[in-house]
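Colleague: I'm new to reading models like this. Can we go through it piece by piece?

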Amino acid sequence: MFRIGDFSKLTQVSVKALRFYDEVGLLKPTYVDSDTGYRYYSATLLPRLNRILAFKELGLSLGEIVHLLEGDLPVDRVRESLQNRRTELARRIERERAQLAEVESWLALIEQAGRVPDYEITIKRVAPRLVASVRDTLSSYADADELFDELHSHFKQGGAPLARGAVWHTCANQRRSIDCEAIVFLREPVRSNGRAQVYELPGASGACVIHQGGDETCERAHLAARLWIKSHGYAIAGPNRELYWQGDVAQDGGSGVTEIQYPIIHAPSAGSAGH
């Protein structure tokens with residue numbers, strides 16, 4: 001038999017790890033001297049230790065390894081652990097591939113423009129939110145302020161809203177008229193009143209960009225978001241939304257802060273299109 005230090009040197013497993021394996025019941029020494037407390041290991045422990053190391057290389061946790069090594073190592077239990085690990089690794093690889101694509105995209109933009117991009121686009125899961133809204137056809141974007149005035153006159157009893165926003169069902173560059181739904185995010189439910197309706201705005205996965213500045217530069221943020229969506233294999237899945245963190249729809253100067261959200265889905269590949 002080998003004392004723990006010698007066994008550590010021969011197996012290339014640290015003394016600290018061997019002691020920990022003993023504590024958690026993963027690899028018990030063959031013999032422990034009751035007088036000195038010295039641990040002794042026999043060569044018959046090597047197959048179990050080697051299996052522990054192999055499972056660690058697969059990325060299994062010590063808790064999983066303890067569970068797997070109980071009893072006769074049933075094949076169904078091992079298969080289930082490895083299948084779970086495969087799923088976990090596949091998800092991690094997918095995330096890292098997406099991160100790599102983002103890095104490549106940033107580098108390409110920097111090489112092309114010689115500077116850091118003006119806007120950062122992120123994918124954000126927008127949760128369902130209780131809102132009050134008024135929807136109407138407008139001749140200009142600035143007319144949306146009248147919709148907000150209408151909303152606030154209807155819901156004064158509900159207290160101050162959390163924030164303002166808008167859903168742009170049709171924009172000026174799509175048709176001559178503008179189809180705008182002005183919304184306020186509510187703290188608590190209130191009753192619908194006339195044209196003002198209260199409902200839960202559905203959640204969505206969206207490409208989001210923050211624009212700081214006035215209306216004269218806002219379209220750049222929209223364009224950056226749309227280009228990002230197309231270049232990353234997504235498609236726009238509904239009307240875009242704007243959340244006005246600071247300022248209103250019509251913003252002058254550089255004080256406005258607007259979050260622009262485009263609902264997205266994965267674009268179908270060319271090979272999956274029908275004839």
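Colleague: How many bridges join strand β6 to β11?

Modeller: This is a predicted model, where local features need pLDDT of at least 70, side-chain atom pairs count only at pLDDT 80 or more, and totals for chains, interfaces and linings use all residues. Residues are numbered from 1 along each chain as its sequence is written, and side-chain values use heavy atoms, with hydrogens and water left out. Strands (E, at least two residues) and helices (H or I, at least four) are DSSP runs, numbered from the N terminus, and two strands pair if DSSP finds at least two bridges between them. Strand β6 (residues 163-170) and β11 run antiparallel, and the bridges joining them number five.

Colleague: Is strand β11 mostly covered or mostly open?

Modeller: Buried means under 20% relative accessible area, exposed over 50%, and partly exposed in between (1.4 Å probe, protein chains only). Strand β11 spans residues 240-246. Five of its seven residues are buried, and β11 is mostly covered.

Colleague: In β12, what is the bridge partner of Gln246?

Modeller: Strand β12 covers residues 257-266 and runs antiparallel to β11. Five bridges join the two. Gln246 has as its partner in β12 Val257.

Colleague: What is the bridge partner of Cys208 in β12?

Modeller: β12 also pairs with β9, in the antiparallel sense, over seven bridges. Cys208 is bridged in β12 to Gln261.

Colleague: Within what arc do the buried residues of α2 fall?

Modeller: Helix α2 takes in residues 15-23, and Ala17, Leu18, Tyr21 and Asp22 are buried there. They line one face of the helix, because seen down the axis of α2 (by the directions from the helix axis to the C-beta atoms) they fall within an arc of 140°.

Colleague: Which residues are exposed on the other side of α2?

Modeller: An α-helix has 3.6 residues a turn, so residues three or four places apart point the same way. On the other side of α2, the exposed residues are Lys16 and Glu23.

Colleague: Which residues have the most contacts inside the largest nonpolar core?

Modeller: A nonpolar core is a set of buried Ala, Val, Leu, Ile, Met, Phe, Trp, Tyr and Cys residues joined through side-chain atoms within 4.5 Å. The largest one has 19 residues. β5 (129-138), α6 (144-154), β6 and β7 (178-185) each supply at least two residues of this core. The residues with the most contacts inside it are Leu151, Trp168 and Cys180.
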